[in-house]
Amino acid sequence: MAGVRAAWTCAVIATVSLSAAVFAYVEDLDDKFKDNRVDDVWLVDFYAPWCGYCKKLEPIWYEVGAELKTSGSPVRVGKMDATAFSGVASEFGVRGYPTIKLLKGDLAYNYKGPRTKDDIIDFANRVAGPSVRSLPSKQMFEHVLKRHDVLFVYIGGESPLKEKYIDVAAELIVYTYFFSASEDVLPEYVKVPELPSVVVFKDGSYFTYDEYEDGSLSSWVNRERFQSYLQIDGFTLYELGETGKLVAIAVIDEKDPTEESGRLKSLIQKVSTEYRQDFNRDFQFGHMDGSDYINSLIMGEVSVPSVIILNTSNEQYFLPSEPLEGVEQLVLFIRSVLDGTAQAYGGDGIFQKIKRVAYDARSTIMSVFRSSPLLGCFLFGLPLGVISLMCYGICTAESDDGELMKREGLTDEEDEEEEEEEEEGRRCDGKLEAPRDEDVGDKEAEEKSVTEKKLD
């Protein structure tokens, strides 16, 4: 028994020590940070204590700090309460919580990817290093090709194209990797039409930048930084919106795979590879697990499985008018979207904006009631009760005032009527005959007799 207790004690001590060590790798920052940060590279989480997403990120953030520290990375990891130090947070352009930024010198890079340990660490290591990394050998080139799904390589010597490439790399390093190499370190299967050239390696192949066909280098890199076919989630769809491409998605349920789901997914994959030359400039292809996110975007219901095309720039979406039996029907559907003959739904007009406000309000209320019915009753029932009482008070006050005015009005009318009657009475009295002298004498005699009796 004593041995078991000793073992438990050791385990608890080890756990506490490990937790303390992990927490030590993440520094709590204050308002002095902005003056002391310039000499180091910092990865900072700007959070709010009440933010649910921030609390969910917190354990991941400590893992990021521990991993970067133990791997020898030069990146220092910190966190700042943006509500306590709002002035510092606003200087760094923090608008929501949590906000992850890598600060290098005078530059600040926003992280917009999935909030997972591996993705955040990859972002930190990529941005903390040089914008363009050199590949000095074939072995290094092969190693990099195996490690990254998408990478851009400048091939050649000094040139105006290389200057543009370096500028683009500094701008888009937050999204992907940029390398440079000489022609002699390229694999034998890579053939470039001319030097210098910029080549993107992805999807098991490579594609060369052509200034005349592809436009600006920055736009081309922005379009090509994704694989041709992706598993799409909310973060990915947000980033795809910056490419300007339409997104063709097979909406499936991976937890309950069906034959139809597999067929639609295969159709999208096939078109993404076989029709790359036709659609790569304008379309991104992929699949999404579940329809909840899509439903929230279109403010409607999408059947699962199905195919939908999203235009993230204006919030329009397109649905096939007939079942997609094969590649030919899918290609026709995509071409109809391109030439404008397909029926467009949604949009960013005023009616859709009003609908969006109402939909978001309804969704918020429903989510609160589903997660905590008592809290929902308190948050929404109490204000409604107060408003109802105020309205009742206002209505009853107006009614009482009306009755009082009515009564006052009736009294005035009655007074006027009484005054008129008195006037008429006086007029009538004036018209009557004056009293006779005998009557007056009799009255005076009676008054005298009464006075005499009182004296006696």
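Colleague: Which residue in S15 is the bridge partner of Ile309?

Modeller: Two strands pair if DSSP finds at least two bridges between them; strands are DSSP E runs of at least two residues, and helices are H or I runs of at least four, numbered from the N terminus. Here the partner of Ile309 in S15 is Phe318. Three bridges join S14 to S15 (residues 316–318), and the two run antiparallel. This is a predicted model, in which local features need pLDDT of at least 70, side-chain atom pairs count only at pLDDT 80 or more, and totals for chains, interfaces and linings use all residues. Residues are numbered from 1 along each chain as its sequence is written, and side-chain values use heavy atoms, with hydrogens and water left out.

Colleague: What lies between S14 and S15 in the hairpin?

Modeller: Four residues separate the two strands, and Glu315 in the turn has a positive phi of about 65 degrees.

Colleague: Which strand is joined to S14 by five bridges?

Modeller: That strand is S12 (residues 246–252), which runs antiparallel to S14. Val251 stands opposite Ser306 of S14.

Colleague: Are the faces of S14 covered or open?

Modeller: In a regular strand the side chains alternate between the two faces of the sheet. Buried means under 20% relative accessible area, exposed over 50%, and partly exposed in between (1.4 Å probe, protein chains only). In S14 (residues 306–311), six of six residues are buried. Ser306, Ile308 and Leu310 lie on one side, with Val307, Ile309 and Asn311 on the other.

Colleague: Is Ile350 buried or exposed?

Modeller: Ile350, in helix H15 (residues 350–371), is exposed, with a relative accessible area of 65%.
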